[in-house]
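Subject: Structure for your review

Dear colleague,

Please find below the structure that I would like to hand over to you. My notes on what was found in it follow directly after.

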Amino acid sequence: MTSLPGRQVRGFLSLRKGRAPSLQGRRRVLAISVHEAGIIYRVSMLILNKTAGVFSKPSKRKLYEYLRSFNFHPGKVFLHKLVLGIETSCDDTAAAVVDETGNVLGEAIHSQTEVHLKTGGIIPPVAQQLHRENIQRIVREALSLSKVSPSELSAIATTIKPGLALSLGVGLSFSLQLVNQFKKPFIPIHHMEAHALTIRLTNKVEFPFLVLLISGGHCLLALVRGVSDFLLLGKSLDIAPGDMLDKVARRLSLIKHPECSTMSGGKAIEHLAKQGNKLHFDFKPPMQRAKNCDFSFSGLQHVIDKTIMQKEIEEGIEKGQILSSAADIAAAVQHTIACHIAKRTHRAILFCKQRNLLSQSNAVLVVSGGVASNLYIRKALEIITDATQCTLLCPPPRLCTDNGIMVAWNGVERLHAGLGILYDTEGIRYEPKCPLGVDISKEVGEAAIRVPRLKMKI
């Protein structure tokens with residue numbers, strides 16, 4: 001294998017990193033052959049293959065086949081900062097490369113949904129093992145699609161909080177090995193901050209704005225005043241809405257329903273609800289007397305479980321069989337959740353406007369997280385934003401669920417702001433539980449803002 005003179009390599013790398021070399025250096029760069037330039041990429045990928053000792057070493061034949069399939073462009077110059085984002089907070093292994101202008105250069109994701117559907121829910125050790133088996137491949141795919149080698153990255157950003165401990169550990173461990181091998185800055189990412197800021201990748205949204213994050217693991221309302229500046233207005237006091245929808249779907253045995261067998265719990269409820277009558281069951285939204293912005297779903301779930309049990313007795317069927325009224329239950333559940341979320345969000349908007357925390361005429365509500373892809377809940381929120389002269393914005397559905405793009409973009413935002421960039425990762429740890437921003441939910445409750453009744457005609 002041909003070697004490059006030391007000064008010639010330095011000249012090449014300085015140009016690749018966006019630094020302008022001397023005229024003599026530029027001439028040396030132009031003199032590099034395609035074969036010689038490819039050596040640098042080969043070395044980077046060889047190191048990447050060895051970063052995680054738990055993975056098997058590829059054969060030379062497989063390695064060269066992989067390299068031949070990679071369309072490397074030695075004349076390509078990256079003038080923008082490039083961030084690799086890695087996400088393993090729950091049950092999706094994801095990675096992406098994003099530049100500072102918001103261009104997604106490459107992404108890859110491995111979903112564990114099919115496995116967890118069979119087990120009736122996420123089993124942390126199973127999720128951990130699947131992350132271990134797929135993380136190296138997913139990161140390589142993201143880099144390959146982006147035509148970027150690890151040496152060209154400006155930083156590596158990884159979700160380290162909050163989430164499943166065993167899942168977070170896989171992503172952090174792999175990322176730190178990359179950081180140490182390639183001497184790159186490390187940017188630890190708060191999962192909810194990444195969801196909140198994703199909208200700034202797709203839309204020109206200025207601070208401050210209100211964000212509602214609703215997913216399988218989280219439910220909160222926060223005022224976003226800056227990249228790392230959040231005021232927490234309210235959160236779920238027990239379980240998250242996505243978790244509740246999954247549990248109701250399992251209790252209704254929707255995985256046995258011919259139309260829902262391949263869907264997640266939340267998707268199954270949304271799909272079946274279209275066929276049902278939301279008024280057939282009268283489920284009351286939780287916390288109607290509490291004048292704050294907190295949420296609660298466990299009590300509602302308990303009422304729904306009792307209702308399903310009663311209907312099973314009435315219809316003379318055993319637990320695990322499909323009720324004839326399953327669609328009506330799904331519709332009523334979805335409507336009740338939507339009304340609960342909408343009312344708490346309405347109060348948050350009124351509170352922020354009353355305290356001049358949001359613009360009176362150009363306020364923005366951003367809704368993100370997996371449950372944000374539920375169109376029925378979005379329509380309920382549209383009623384609220386129309387009544388309060390707010391703009392409702394949601395990232396595209398594929399960016400509402402967990403993904404590597406949001407993590408990489410959060411890294412870009414932090415690079416721009418100069419916040420949380422680590423050059424020494426000694427002592428860095430993942431945090432399964434971690435609040436977002438400064439909690440002012442007590443102050444919101446003390447304000448006791450009354451919310452006008454709106455007709456939720458959805």
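Two strands are said to pair if DSSP finds at least two bridges between them. Helices (H or I, at least four residues) and strands (E, at least two) are themselves DSSP runs, numbered from the N terminus. In general, the strands of a sheet pair through backbone hydrogen bonds, either parallel or antiparallel.

Please note that this is a predicted model, in which local features need pLDDT of at least 70 and side-chain atom pairs count only at pLDDT 80 or more, while totals for chains, interfaces and linings use all residues. Residues are numbered from 1 along each chain as its sequence is written, and side-chain values use heavy atoms, with hydrogens and water left out.

Strand 6 and strand 9 (residues 364-368) run parallel and are joined by four bridges. Leu212 stands opposite Val367 in strand 9. Contact here means heavy atoms within 4.5 Å.

The chain as a whole

The protein chain contains 17 helices and 11 strands. Of its 458 residues, 54% are buried (under 20% relative accessible area, with exposed over 50% and partly exposed in between; 1.4 Å probe, protein chains only). Among contacts between residues at least 6 apart in sequence, 75% join residues at least 24 apart.

Helix 16

Helix 16 (residues 404-417) has 14 residues and reaches 20 Å from its first C-alpha to its last, close to the 20 Å expected at 1.5 Å a residue; the expected span is 1.5 Å times one less than the number of residues. How many of the residues of helix 16 are buried? The count is 12 of 14, so that the helix is mostly covered; among them are Trp409, Asn410 and Glu413. At the start of helix 16, a side-chain oxygen of Asn403 comes to within 3.1 Å of the backbone nitrogen of Ile405. Just after the helix, Gly418 takes a positive phi of about 70 degrees.

Individual residues

Lys183 is found in the loop between helix 7 (165-182) and strand 5 (186-190), and is exposed, with a relative accessible area of 69%. Gln389 lies in the loop between helix 14 (375-387) and strand 10 (391-393); Gln389 is also exposed, at 53%.

The peptide bond from Phe207 to Pro208 is cis, with omega near -5 degrees. Pro208 lies in the loop between helix 9 (199-202) and strand 6 (209-214).

Leaving aside residues up to four places away in sequence, His346 touches Ile384, Thr388, Val451, Pro452 and Leu454.

Yours sincerely,

A colleague

Note on methods:
Polar contact = N/O pair within 3.5 Å; in protein donor to acceptor, adjacent residues only side chain to side chain.
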